[in-house]
Amino acid sequence: MKRTILSLTAAAAALAAVTGVAAVAAPGDGGATAPTSGTRLPVQRSTLVCPAPSSSEVADTTYTAFAPPGAAAGADTKKGTAQLQPTGTLADSHGNPAGKGGKDAKGKGGAADQGGAPATVPPADSKPVVPLQEAGKPVTASTDSADAPALTGSADGVLAPGWTVQQTTSIAAGSGRGLQGLSCTAPDTQFWFPGVSTASGRTDYVHLTNPDGAPAVVDLEMRGKDGPLTGSGGGEDITVPPHTTVPVLLSTLTSGPADGAALHVTARSGRVGAAVQAADAKTGGDWLAPAADPTPEAVLPGIPSDATDVQLVAVAPGNSDADLKVQLATPTGLITPAGLDSLHVKSGMTATVDLKDVTKGEAGSLVLTPSGDGSAAPVTAALRVVRGKGDSQEMAFIPATRPIEARGTAVDNRAKGSTLTLVAPQKGKDAKVKVTASAGSGGGTPASKTYTVKGGTTLAVEPPQPTGLKGSYALTVEPQSGSGPVYAARMLQIPQGGLPAFTIQPLPDDRGSVLVPTAGQDLSLLAR
């Protein structure tokens with residue numbers, strides 16, 4: 001029997017390292033806890049999905065790929081590979097991307113499968129994108145094509161732990177103009193997107209991309225301030241063929257306009273990558289990345305000091321209402337926004353709060369915690385952030401994010417325009433982190449700096465840069481021994497004339513390693 005347990009443990013260790021499975025308890029697992037001891041091993045394979053960046057004729061997209069240097073103990077010592085491949089796009093009977101209508105990007109009608117079923121339009125070019133050859137130095141590629149496809153790919157060997165890809169798109173005019181940025185996501189079976197909208201002037205698409213060789217079946221559910229928004233059968237049984245992307249217009253899922261909504265994406269079979277592209281006629285556009293899984297607490301880092309309008313959308317997906325204490329972590333401590341002592345979120349519904357210019361000249365982060373009445377209902381949330389005024393407004397999103405436990409990474413940092421925000425949300429628990437700037441994509445010597453963030457405060461800094469920087473570079477954030485919890489976000493600003501174009505990406509832990517339980521521990525706790 002002992003020999004059998006050891007064999008199962010070894011098998012679980014191999015599976016976890018290959019798939020990147022985190023040794024944590026799954027939501028709703030009846031109170032089971034993840035292993036607190038064992039061996040931490042680096043993942044041996046990572047998979048990422050990047051949605052199609054834009055169909056605009058005046059868009060320029062840069063892809064940046066990076067893998068942190070330094071193989072951890074137990075890492076696969078082979079050189080490794082990391083690259084992305086273009087996907088096909090599911091089209092309607094006229095050859096148009098799902099939900100977009102009209103003619104395709106080239107102005108030509110496409111052919112459908114026999115019987116009028118949706119057809120998959122293959123990518124125009126199947127060459128690999130941003131193939132990475134070595135750790136520690138970013139690789140970039142760019143495109144101005146309105147037909148740029150979604151990308152999927154994987155990394156293995158020494159390039160797998162922490163492999164990160166960013167797509168940054170500058171759109172000169174039209175709906176969604178401005179700067180749109182997204183850290184490409186890992187495929188999963190469930191995603192939450194608080195902050196979506198089908199209101200007049202907003203056009204939101206969710207991009208579903210299947211990186212695998214078997215079809216995925218996905219359900220989409222919208223929730224608002226009064227509960228479900230999707231009609232009977234709406235958004236159910238969406239088939240995403242292998243190596244294909246399906247964009248879905250969210251307004252087709254609801255019977256009427258709704259602001260401050262939340263989208264729930266569930267893959268009933270297979271797995272997908274998911275991201276929401278939001279375009280607003282007045283405030284431009286950006287990507288809304290998936291929010292952290294619902295928990296009783298949420299941290300939303302990196303609200304700019306000059307934000308002119310901030311909107312919070314929270315959702316309580318469980319069976320209990322949530323009562324939340326809302327605080328802003330400022331450079332000097334935690335404060336309660338005026339008139340917002342608490343926030344009540346009804347079960348299965350959303351709650352929206354207009355925080356206006358909440359930061360008032362000082363960068364901050366929003367911290368949501370149970371109000372203290374014993375409620376511990378899970379929630380997740382996101383912020384819509386606007387900078388500028390009048391006709392020169394630009395928006396971005398900040399979803400709730402996971403803390404950085406071992407390492408977080410942000411790529412595509414420029415010589416000018418990058419701001420790193422660190423927040424230690426718990427009063428009395430200071431955070432100490434090491435921030436490393438990689439070599440530049442075109443050259444330069446890495447540089448590091450250590451920061452201490454007082455518990456209950458936010459620290460916004462211009463991050464270190466590599467000496468002799470050429471091109472763009474990556475930032476890695478690593479909590480040091482004894483550090484309290486820390487969350488992070490990176491803001492990238494690339495002004496377009498008088499438009500304060502910007503985008504914000506949280507830095508969750510990159511899950512470059514997994515905790516493998518020791519012999520005799522419950523292997524079911526490796527779920528997820």
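**Close-up views of a predicted model**

Asp-412 is buried, with a relative accessible area of 1%; buried means under 20% relative accessible area, exposed over 50% and partly exposed in between (1.4 Å probe, protein chains only). This is a predicted model, in which local features need pLDDT of at least 70 and side-chain atom pairs count only at pLDDT 80 or more, while totals for chains, interfaces and linings use all residues. Residues are numbered from 1 along each chain as its sequence is written, and side-chain values use heavy atoms, with hydrogens and water left out.

View A. Asp-412 is found in strand β30; strands (E, at least two residues) and helices (H or I, at least four) are DSSP runs, numbered from the N terminus. Although Asp-412 is not a glycine, its phi is positive, at about 60°. Lys-360 is likewise not a glycine and has a positive phi of about 50°. The setting of Lys-360 is the loop between β26 (350–356) and β27 (364–370). Is Lys-360 buried or exposed? With 63% relative accessibility, Lys-360 counts as exposed, whereas Asp-412 has a relative accessible area of 1% and is buried.

**View B. The disulfide between Cys-50 and Cys-184.** A disulfide is a pair of cysteine sulfur atoms within 2.5 Å, and by this rule the model contains one disulfide. The bond joins Cys-50 to Cys-184, with an S to S distance of 2.0 Å. Because the torsion about the S-S bond of Cys-50 and Cys-184 is about 110°, the disulfide is right-handed. Cys-50 belongs to strand β2 (residues 45–50) and Cys-184 to the loop between β11 and β12 (190–196), so the pair ties together parts that are 134 residues apart in sequence. Both Cys-50 and Cys-184 are buried.

**View C. The open sheet containing strand β2.** Four strands in the order β2-β9-β4-β7 make up an open sheet with antiparallel pairing; two strands pair if DSSP finds at least two bridges between them. The edges are taken by β2 and β7 (129–132), each with a single partner strand, so one side of each is left without a neighbour in the sheet. On average, neighbouring strands of this sheet are turned by 20° against each other, direction ignored. For such angles, axes are lines fitted to C-alpha atoms (for helices over the stretch in contact), and values run from 0 to 180 degrees between N-to-C directions. Strands β2 and β9 (residues 151–156) run antiparallel and are joined by six bridges. Which residue in β9 is the bridge partner of Val-49? The partner is Thr-152.

View D. Six bridges connect strand β10 (residues 164–171) with β11 in the antiparallel sense. Thr-169 has Gln-180 of β11 as its bridge partner.

**View E. Aromatic rings.** Rings of Phe, Tyr and Trp (its six-membered ring) pair if their centres lie within 6.5 Å, and planes under 30 degrees apart count as stacked, over 60 as edge-to-face and the rest as tilted. The structure holds one aromatic pair. This pair is formed by Phe-191 and Phe-193 and is stacked, at 6.4 Å centre to centre with 25° between the planes. Phe-191 and Phe-193 are both buried. At another ring, that of Phe-502, the charged end of Arg-387 sits over the ring, 4.9 Å from its centre; this term requires NZ of Lys or CZ of Arg within 6 Å of the ring centre and within 35 degrees of the ring normal.

**View F. The side chain of Arg-407.** Arg-407 is placed in the loop between β29 (392–399) and β30 (408–413). With a relative accessible area of 14%, Arg-407 is buried. Its side chain makes a polar contact with the side chain of Asp-510, at 2.6 Å. A polar contact is a pair of N or O atoms within 3.5 Å; within protein, one must be able to donate a hydrogen and the other to accept it, and residues adjacent in sequence count only if both atoms are side-chain atoms.

**View G. Thr-87 and Ala-148.** Thr-87 lies in the loop between β4 (82–86) and β5 (88–91). The relative accessible area of Thr-87 is 2%, and the residue is buried. Thr-87 and Ala-148 are 61 residues apart along the chain, and their C-alpha atoms are separated by 9.8 Å.
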